[in-house]
Amino acid sequence: MPETGASEGDPLRYNHASPVVVARLRWILAACALLAACGGAEGPYPAKEIRLIVQAAPGGTSDTVSRVMGSLAESRLGVPIVCENKPGASGALAFSYVARRPADGYTIGHAPVEIAIVRSLGYADLGPSDVSLICMVSKTAPALVVSASSPWRTFEEFLEAAVRERGGIVMANSGIGSIWHFNILLMEQGTGARFTHLPYGGSTPALVSVIGEHSDAAVAGVGEVVSHVQAGKLRALAVFDAARSGVLPDVPTSHELGFPIGAPAWSGFFGPGGMQENQVELLAGAFEAAFGTEEWAKLCRERGMEALFLDKDGFAEFANQQQRFFEREIPKLLRLGGA
Amino acid sequence: MPGSDFRSEVRALIAEILAGLAAILDWQVLGFLAVGVSLGAVFGSLPGLTATMGVAVLTPLTFWVSAEQGLAMLLGIYCGAIPAGGIPAILINVPGTPASIATTWDGYALTRKGSAGLALGVNAIASAVGQLTSIMFLAFLAFPIARFALQFGPAEYFGLALLGISLMAGVSGRHVIKGMLAGMLGLALALVGLDPMTAYPRYTFGMSEFLDGISFVPVMIGLFGLGEVLIQISERHKARKSASAEIGRILPSAPEARTMAGATFSGATVGTMVGAIPAAGGDIGSVIAWEQARRASKDKDSFGKGSLRGLAASCSACNAAIGGAMTTMLTLGIPGDAVSAILIGALLIHGIQPGPLLFAGNQSFVFSIVFLLVFASLLIMAVGLLGARPLARILNIPPPWLWTGIVLFGTVGAYALNNATVDVWAMYAAGLAGFLFRKARIPLGPLVLGLILGPMMESNLRRALILSRGDWLGLLTRPILLVFLAATVLSLLWPLIRRKLASTNPQP
């Protein structure tokens, strides 16, 4: 790239030309180095706008979380946070992009569960341990739904049919390799159920196909199903989590039903590997202040997300444990799914 | 007494309608609507900046205002962007949004004939009429339309896509074989990326940038925009057509309006229906509407060469798709397209949940939305007609400046879509292809159709086969699919039938 190569290459070329120029350049370079050192160590961070790279297209949950969190954290940081969307390859493009940026605290990224998955899928050689994790702000559990007019009223009835018919039930998913698809595979692995899988390009078309009774059931985020459940179009049979969901309090959890399965989606923030400790803490502090606002609590309520704050150490522990889980399970699950 | 029951129900309904109107008859709400329409016009007229992007980026701003104000701004952007996308399509042959591809066919031809003003005028009027018609559908037939949209399973989507692809021949003009080849190329390009059923990478050459396939918008900007610039540069010695920058009158004459009326309303009907179907929007709707108008017309050869009917049908369908998408969103809580998906999120923040419950419990809000859409369509007509003359001045810019501007905006637009450099390269490659295709007289329409409809056709056929357990004949039990298949066969055989009729008729 010409922008970075030039500053190092030029002095060498002048070396052959004139010793005076070299001497002057040395002074200038020394001055620049001093300035840079001051800026890095003692200069107030942040001094300019911060770019927040979102791994999904505008309008989705990742985008909304990033934009709302960004605008709430701005006032605390005193500089604007500008969101940029770089969708593609389950987020791998955005994660790799952020990881390659200088670790100066001015480029950070949204870290969803996919950051712990993309390596296992072969989309990018990168995981949570390769980047500087800042903090985590929310978690969304998966929910199993059927059409409101379907014959299955409880999880047990549904499971009994899924085990008996071995593939007779059509299960719509939000795409092979997506987090909600893995939850369906985890259910097959953990309960002995077998489904015919119907992949869609996202949760919305998958749920629409259940509402239109083109498929029998689907697994998607609690926040994605809740409005259809309340409108009486879908029936939620189980939430794959240990604790009951705040927005679907009457729906039993998988753990209650005797099947400790479930892999939630989550949202956090990260920067390139090797960011300075104090910058990470400053950003985490700003996001924690944003986390405490009524606006954030309201967004979580409306989107069916569980507001959950983990600082950089807690987030690192959680994300790395998730990474190990997916590295272990994905090869097994994909064999099971026949993909 | 049943009579008085009915009367009190009507009285209650009128009260709800008036309450809905009163909630938005507020200078702040209407101000937000006007701001939205203007912002939408900017997003729509710049290729690469889409209505989806405009609505998504401005959604967080609406958290700090009331539900009516926020919704007014977002709906304004949505409604304003679509007709604005037709402006560059008409003036410089570059569709501002994917919905305005069909607008280039007749709109740009009119500009070359020196009737840019009239084309812009028709764009403004037909867009507004199309939107108003679709709002009437929303107000009176919302639930039947929604039920129709829900009938669409994989087999039906496959049928719709197949019908769209069969229009390749129609949009090829006189070069049918070349058009088919271009269409096949479009379908082949649509195969790039993750396999929709197994998520296995196809033709990506190991580059993760291609996992999501080739982005359609940069290809569109390249084929139409850059390709046209290169053609003009290469032909500037022969004829200085672009120098005759005549604008002409803007309002259509009464006889012209009469010829367009039928095409406008049938375009609006097609646009509303296609818009109501989730994941199918103005881009597909306007192409089908254009082809339908062509088939209904006695003067088929004028289509693609500056037909007012073709232009009116495509513009009307683009904006009618908004009413269709809003119908699905309000009645079922299901997004009819990408923009309404974001609108649902924005409404949820304000504690309003689109869906059957909204219709039952908060009718006045539904009527507020209906009235906002009505005001928005009046605004886009006013802005479109008043802005036509100043906008058409673009044609007075010396060609080299104009070309530079198109390349510049095209590059920025291609990058802005996904913030990805690979899209810029795709745009330049498509530009070169667009230039060579035009030189070889290969039509571009079929390529675009293949690229848009290929993924929809492939993934839904495979889904339908999963559901029928691999039984091809089992698909034929679905009535809507059968209608689409019959229409497809008819559209392919129609030229033969017409020739047969023409050859038998002269000797009775």
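## Domains of chain A

Chain A is divided into domain 1 (2–35), domain 2 (50–139 + 265–332) and domain 3 (142–263); these bounds come from an automatic or database domain assignment. This is a predicted model, in which local features need pLDDT of at least 70, side-chain atom pairs count only at pLDDT 80 or more, and totals for chains, interfaces and linings use all residues. Residues are numbered from 1 along each chain as its sequence is written, while chains are lettered from A and ligands numbered from 1 in the order in which they are written.

The C-alpha centres of domain 2 of chain A and domain 3 of chain A lie 27 Å apart. Eight residues from domain 2 of chain A and eight residues from domain 3 of chain A make up their contact (two residues are in contact if their C-beta atoms, placed from the backbone, lie within 7 Å). On the domain 2 side, four of these residues are nonpolar, two polar and two charged. Here Ala, Val, Leu, Ile, Met, Phe, Trp, Tyr, Cys and Pro count as nonpolar, Asp, Glu, Lys and Arg as charged, and the others, Gly among them, as polar.

## Strand 10 of chain A

Strand 10 of chain A covers residues 265–271, and seven of its seven residues are buried (20 or more other C-beta atoms lie within 10 Å of the residue's own, with C-beta atoms placed from the backbone). Strands (E, at least two residues) and helices (H or I, at least four) are DSSP runs, numbered from the N terminus.

In a regular strand the side chains alternate between the two faces of the sheet. In strand 10 of chain A, Ala265(A), Ser267(A), Phe269(A) and Gly271(A) point one way, and Trp266(A), Gly268(A) and Phe270(A) point the other way.

Strand 10 of chain A pairs in the antiparallel sense with strand 3 (residues 107–112) of chain A over four bridges, and Pro112(A) stands opposite Ser267(A). Strand 10 of chain A also pairs in the antiparallel sense with strand 4 (residues 132–140) of chain A, over seven bridges; Ser132(A) has Gly271(A) as its bridge partner. Two strands pair if DSSP finds at least two bridges between them.

## Contact between chains A and B

Chain A gives 40 residues to the contact and chain B gives 39 residues. Among the elements of chain A that each supply at least two residues are helix 3 (61–77), strand 2 (81–85) and helix 11 (294–303). The chain A side divides into 18 nonpolar, 16 polar and six charged residues.

Notes
A residue is buried if 20 or more other C-beta atoms lie within 10 Å of its own, exposed if 12 or fewer, and partly exposed in between; C-beta atoms are placed from the backbone.
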